[in-house]
Amino acid sequence: MTTCIYADDLSYALQKIGLESRQHSPSQQTRVAQGHLSFIELQKGCYLHRANIVENSNTSSSAILPAGCHITVLLAGAVSFRVAQKRYHFSADKGPVAFVNIVNKQDIFTRFMQDGQPVEKITLSCERSWFLQKMASEQACQQIDKQLFHSQHVYITPLTPLLLQQAKTIANHDDSTPFLAPLLLEQHALALLYNVISQFYHPDSKPNQAHYSHAPVQASEAKLSALLLLLEQDFTLSDIADQLGVSISTLQRNFKRSFNTTLKQYVKIKRLEKARKALLIEGLTIGEAAYLAKYTHVGNFITAFKKHFDITPMQLIKLHRNTTPEQA
């Protein structure tokens, strides 16, 4: 990326690796940082972010993160971010630090920037679906879910000499030989991933129990995908049942068995989640988000939003703007 980094540069870079984002800047031409920044897709669902920058603006950037594991080694400077309505701050003032952000369901991630703040770091992100594709059996999928994705937390991970050296190698990797460089970079990244994840994944341990949803009950994966797509497009239950070739009662019964919730409640929650995303990522007003969620009265929307997310729409917006931790 160019030496001067603007808000629209960030949006474009995140879009290239499949992340929907919104920069909370006065203009897309706002200069947010200066230095070197890159987002590299190593494999589908596995990507690397490298930064050696000085932030030039007091702003923030929100993105929709899929369920996954995000490993960061902060080599210099400081970073501040919010995920799952919790704000975190990490500093390398006393030396490099490493932390792991486990996201067990799709959520909004917001990075806060501070004018004059240097940041040198690498972040390796691997989606949960990518992990499960690497597993050799259903049992292994369940084990990785129980051990790694049982909850949503940010963990400090021991920064061993080996891990630090791997991070520095990735940060300083020479891309001047484009034919072979991606292979070598992927090799280093996967080695770092293994060393970090091995601290979490111990087959002989007894992980905390968590709900595991790998395949629907009495429904094929194709039918499930079709059902969810039809729901997103606001088809009636009668239309959905006809298209899937089942009765409405069978559709409702199988859905409740698969997701442990009713179709009506599922649709309501999905609309609220869509409205939450629109507030932060698309910049809609609360009234527009209420309309998007099919609410005719804004007050009813705010009540439902608060009940589901335990926070009002306005409180959510304020949390993801660039404020100090004390103000947040």
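User: In which helix does valine 298 lie?
Analyst: This is a predicted model, where local features need pLDDT of at least 70, side-chain atom pairs count only at pLDDT 80 or more, and totals for chains, interfaces and linings use all residues. Residues are numbered from 1 along each chain as its sequence is written, and side-chain values use heavy atoms, with hydrogens and water left out. Helices (H or I, at least four residues) and strands (E, at least two) are DSSP runs, numbered from the N terminus. By that count, valine 298 lies in helix H11.

User: Is valine 298 buried, exposed or partly exposed?
Analyst: Buried means under 20% relative accessible area, exposed means over 50%, and partly exposed is in between (1.4 Å probe, protein chains only). The relative accessible area of valine 298 is 35%, so this residue counts as partly exposed.

User: How far apart in space are valine 298 and glycine 287, C-alpha to C-alpha?
Analyst: In sequence, eleven residues separate the two. In space, from C-alpha to C-alpha, the distance is 6.0 Å.

User: Where is lysine 294 found, and what is its phi?
Analyst: Lysine 294 is in the loop between helix H10 (286–292) and helix H11 (298–309). At 48% relative accessibility, lysine 294 counts as partly exposed. Lysine 294 is not a glycine, yet its phi is positive, at about 70 degrees.

User: Is aspartate 310 buried or exposed?
Analyst: Aspartate 310 belongs to the loop between H11 and helix H12 (313–319). Its phi is positive too, at about 60 degrees, although it is not a glycine. Its relative accessible area is 58%, so aspartate 310 is exposed.

User: Which residue has its charged end over the ring of phenylalanine 112?
Analyst: A charge sits over a ring if NZ of Lys or CZ of Arg is within 6 Å of the ring centre and within 35 degrees of the ring normal. Here the charged end is 3.8 Å from the ring centre, and it belongs to arginine 87.

User: Which strand does E8 join through four bridges?
Analyst: Two strands pair if DSSP finds at least two bridges between them. Strand E8 (residues 97–103) has six of its seven residues buried. Seven antiparallel bridges join E8 to strand E6 (residues 68–83), with glycine 68 bridged to valine 103. The four bridges, also antiparallel, join E8 to strand E11.

User: What is the bridge partner of asparagine 101 in E11?
Analyst: Strand E11 covers residues 153–156. Within E11, asparagine 101 is partnered by valine 154.
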